[in-house]
Amino acid sequence: MSSIPSSIGNFCNLHYLDLSYNNFNGSLPEIIDGTETCNSKSPLPNLQVLDLSDNQLQGSIPSSIGNFCNLHYLDLSYNNFNGSLPEIIDDLSDNQLQGSIPNLIGNLSNLYNLNLRNNQLSGTLTEQRFWKLSNLEDLNIDSNSFHLDVSSNWTPPFLLSTLSMGSCHIGPAFPTWLQSQKNLMYLDLSNASISSSIPNWFWNISSKLDNNLTGSIPSTINNCSSLIVLDLGNNNLSGMIPKSLDQLQLLKSLHLNHNKLSGELPSSLRNLTGLDVLDLSYNNLSGQIPAWIGTAFQNLVILNLRSNMFSGRLPSLLSNLSSLHVLDLAQNNLMGEIPVTLVELKAMTQDHNMSISSLYDNRSSSWYEERLIVITKRLILEYNKTLSLVVSIDLSDNNLSGKFPDGITKLFGLVFLNLSMNHIIGRIPESISKLRQLSSLDLSSNKLFGSIPSSMSLISSLGYLNLSNNNFSDKIPFIGQMSTFTESAFAGNPNLCGAPLVIKCQDEGTDKRQSGVEDKIDCGFVDQWFYLSIGLGFAVGILVPYFVLAMRRSWCVAYFDFVDKIVKWLLFRKRVTYVRNHAQRK
């Protein structure tokens, strides 16, 4: 594509101009050209939206853009502009702009989106730069070199929904003006030179945030004694879990997942006896899984310690968690046998489970929607409103050994079972067919052997099966529900045979040959009876009339007289026909 023609300024009544996602090159034209046809001193006097993003425009941004008196939205991002920043800005992100933000920006009272991320801008941002930005909702100055210089008691004129100030100098003190931002949904203060602790008031505005928090969890968090839900997941928090968390006696849901937390679980957590959900997955936590988890959390419904560095044996007291629906200990360094006491997980023996999808806070009259990430069927699935349908045990990718736990087949409510990537031996019991709710079964990469139970074909709910890389043998029971699975479900078992594998079982050829011999025998048997019946029929047809006529002489005389009359009549008819044909020829 060529450059944008300057004659575009002749569209005096234009309100909306979007030329984004093209390949326009060259510099931005002085759109003021040709505006003498408009009844206004400013170019494009009615233009409200101008979007030229994602092109290949370059050069400086003309100052004439500042003459768009009615412009509400301007997006020049993802181009190659350079030079200083003009005195009207909106979305100029991902360019090569330099210099500072002009003072005039503080007068743009209609501006609601300011995006200058990923440029080479610098300078000090004072309160005057935001003086009249009362409609500003989205502020993104990430990846620049700004220095924020505002007083500790400053109250901004705006209420932001998103704020991204990563790589800007904001600290060392935590910005107190954030306390006024009640509508924040996204906050990024990464690499912002903040060294002070997170203040207590922050937790009152953080419930809606998708954060990028760094540092450690402050011990003063115990001052938030009325917390019912604490969700600090998906951040960059490091350090140890503070012992002071045990002061949050009303806490029902604790999410610290997807962080960089380390160390062992503090024993003080056992005082959080009202916990329904404990999600510490995807951290660097270590040590043994403490046995007190099984005795302290009688109401626990979800226990997720996935992807940490826990070691040692599985505590048998986990069976005391009578309300547990989800047990996820995958991707750790656990060893030893799977406790036979798992059969005592009472909530998993039921077909119907309680609803745990949301928690209600009476004080704030608000709902918190629980969510859970389940990795199954080689997919990452997120459950929230349907969370009550999830009944799962995932012990995959550990160093567990010993025999397959037969008692697990008594957990009739199980929907997902994953014991893959361990060192489990033994056979799959025939009783596995009792798991009528089972949707996904993964036993791959173990040392299981023997035949695959034919009873598995009765599990009609089974949608995913992986028995690969074991030592199973004999013919696959490829019937019923088992016939819905492909070769990949059974690969890596050299002694398995039959469909859907290409390897045929040895007795299949013998069966075919035996069947052919039997067919030949059957055919010979049928032929013998066929000819015998013909002979008997012929004999009966001849002998029966003979014996009947021989019994009485009068029947014999009458029979042969009748035959003589028929023969004489046929001869007479033949002679008459011959005479007629001969007469016609003459």
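Q: How many aromatic pairs does the structure hold?
A: The structure, which is a predicted model, holds five aromatic pairs, where rings of Phe, Tyr and Trp (its six-membered ring) pair if their centres lie within 6.5 Å, and planes under 30 degrees apart count as stacked, over 60 as edge-to-face and the rest as tilted.

Q: Is Phe-130 buried or exposed?
A: Phe-130 is buried, with a relative accessible area of 7%, and Phe-158 is also buried, at 3% relative accessibility. Buried means under 20% relative accessible area, exposed over 50%, and partly exposed in between (1.4 Å probe, protein chains only).

Q: Which residues form the aromatic cluster?
A: Phe-130 and Phe-158 form one aromatic cluster together with Trp-154 and Trp-177.

Q: Switching topic, which cysteines does a disulfide join?
A: The count comes to one disulfide (a pair of cysteine sulfur atoms within 2.5 Å), and this disulfide joins Cys-497 to Cys-505, with an S to S distance of 2.0 Å. The torsion about the S-S bond of Cys-497 and Cys-505 is about 95 degrees, so the disulfide is right-handed. Both Cys-497 and Cys-505 are buried.

Q: Where is the cis peptide bond?
A: A cis peptide bond joins Ala-499 and Pro-500, with omega of about 10 degrees, and Pro-500 lies in the loop between β38 (495-497) and α3 (506-551). Most peptide bonds are trans, and most residues other than glycine have a negative phi.

Q: OK, what is the phi of Ser-307, then?
A: Ser-307 has a positive phi of about 55 degrees although it is not a glycine, and its place is in the loop between β22 (302-304) and β23 (309-313). Asn-469, likewise not a glycine, has a positive phi of about 55 degrees; Asn-469 lies in the loop between β36 (464-466) and β37 (471-475) and is partly exposed, with a relative accessible area of 42%.

Q: Last one: what pLDDT do local features need?
A: Local features need pLDDT of at least 70 and side-chain atom pairs count only at pLDDT 80 or more, whereas totals for chains, interfaces and linings use all residues. Residues are numbered from 1 along each chain as its sequence is written, and side-chain values use heavy atoms, with hydrogens and water left out.

Terms used: Helix = DSSP H or I, 4+ residues; strand = E, 2+ residues; numbered from the N terminus.
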